[in-house]
Amino acid sequence: MPIHHYAPALLPCKLCGEGFDHHQAATDPALTTCPTCGQTVTRIGIQTSHTPKLLHPLSVSEAKNLGFTVFKKTSAGEFERQ
Ligand SMILES: [Zn+2]
């Protein structure tokens, strides 16, 4: 489910600061009022991609699985692709 980013009309909002994120389907109508403080809000963006939350440093194999190119610093001070 995409994350919709909203910003209150009056910044900063005492309750929701400079904005808040709201999980809702892309087809749902955008919020018009802040569910926390009730003031008018504007949708400022939608984040649809899922960014994996990294709880620990990636191992080389995990990084490769995620499509990263892994480089290892060699003793000669150069970087070698693994
Ligand atoms: Zn608010």
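Leu11 is exposed, with a relative accessible area of 55%. Exposed stands for over 50% relative accessible area, buried for under 20%, and partly exposed for values in between, computed with a 1.4 Å probe and protein chains only. The model is a predicted one, in which local features need pLDDT of at least 70, side-chain atom pairs count only at pLDDT 80 or more, and totals for chains, interfaces and linings use all residues. Residues are numbered from 1 along each chain as its sequence is written, and side-chain values use heavy atoms, with hydrogens and water left out.

**Overall layout**

The chain contains 1 helix and 5 strands, in the order β-β-β-α-β-β along the sequence. Helices (H or I, at least four residues) and strands (E, at least two) are DSSP runs numbered from the N terminus. Of the 82 residues in the chain, 18% are buried. Among contacts (heavy atoms within 4.5 Å) with a separation of 6 or more, 33% join residues 24 or more positions apart.

| Residue | Relative accessible area | Class |
|---|---|---|
| Leu11 | 55% | exposed |
| Gln24 | 3% | buried |
| Thr69 | 40% | partly exposed |

Leu11 sits in the loop between β1 (3–8) and β2 (20–23). Setting aside residues up to four places away in sequence, Leu11 touches Gly17 and Glu18. Gln24 belongs to the loop between β2 and β3. Beyond its neighbours within four places in sequence, Gln24 contacts Met1, Pro2, His4, Tyr6, Pro29, Ala30, Leu31 and Arg43. Thr69 is in the loop between α1 (60–65) and β4 (71–73).

**Zinc site**

Cys13 (SG), Cys16 (SG), Cys34 (SG) and Cys37 (SG) coordinate the zinc ion at 2.2 to 2.6 Å. Donors are N, O and S atoms within 2.8 Å of the metal (3.2 Å for Na, K and Ca); water is not among the atoms, so sites may look incomplete. The donor residues follow the spacing C-x2-C-x17-C-x2-C. Cys13, in the loop between β1 and β2, and Cys34, in the loop between β2 and β3 (41–47), link distant parts of the chain, 21 residues apart. Both Cys13 and Cys34 are buried. Cys16 is in contact with Pro8, Cys34 and Cys37, leaving aside its neighbours within four places in sequence.

The 4 donor atoms subtend angles of 84 to 179° around the zinc ion, and the arrangement is therefore square planar. Four donors count as tetrahedral if all angles lie between 85 and 135 degrees; four count as square planar and six as octahedral if opposite donors are over 155 degrees apart and all others between 65 and 115; anything else is irregular.

**Core and aromatic pair**

The largest nonpolar core has 6 residues: Tyr6, Cys13, Cys16, Phe20, Cys34 and Val41. Such a core is a set of buried Ala, Val, Leu, Ile, Met, Phe, Trp, Tyr and Cys residues joined through side-chain atoms within 4.5 Å.

The count of aromatic pairs is 1. Tyr6 and Phe20 form this stacked pair, 5.5 Å centre to centre and with 20° between the planes. Tyr6 lies in strand β1 and Phe20 in strand β2, so the pair ties together parts 14 residues apart in sequence. Rings of Phe, Tyr and Trp (its six-membered ring) pair if their centres lie within 6.5 Å; planes under 30 degrees apart count as stacked, over 60 as edge-to-face and the rest as tilted. Tyr6 and Phe20 are both buried.
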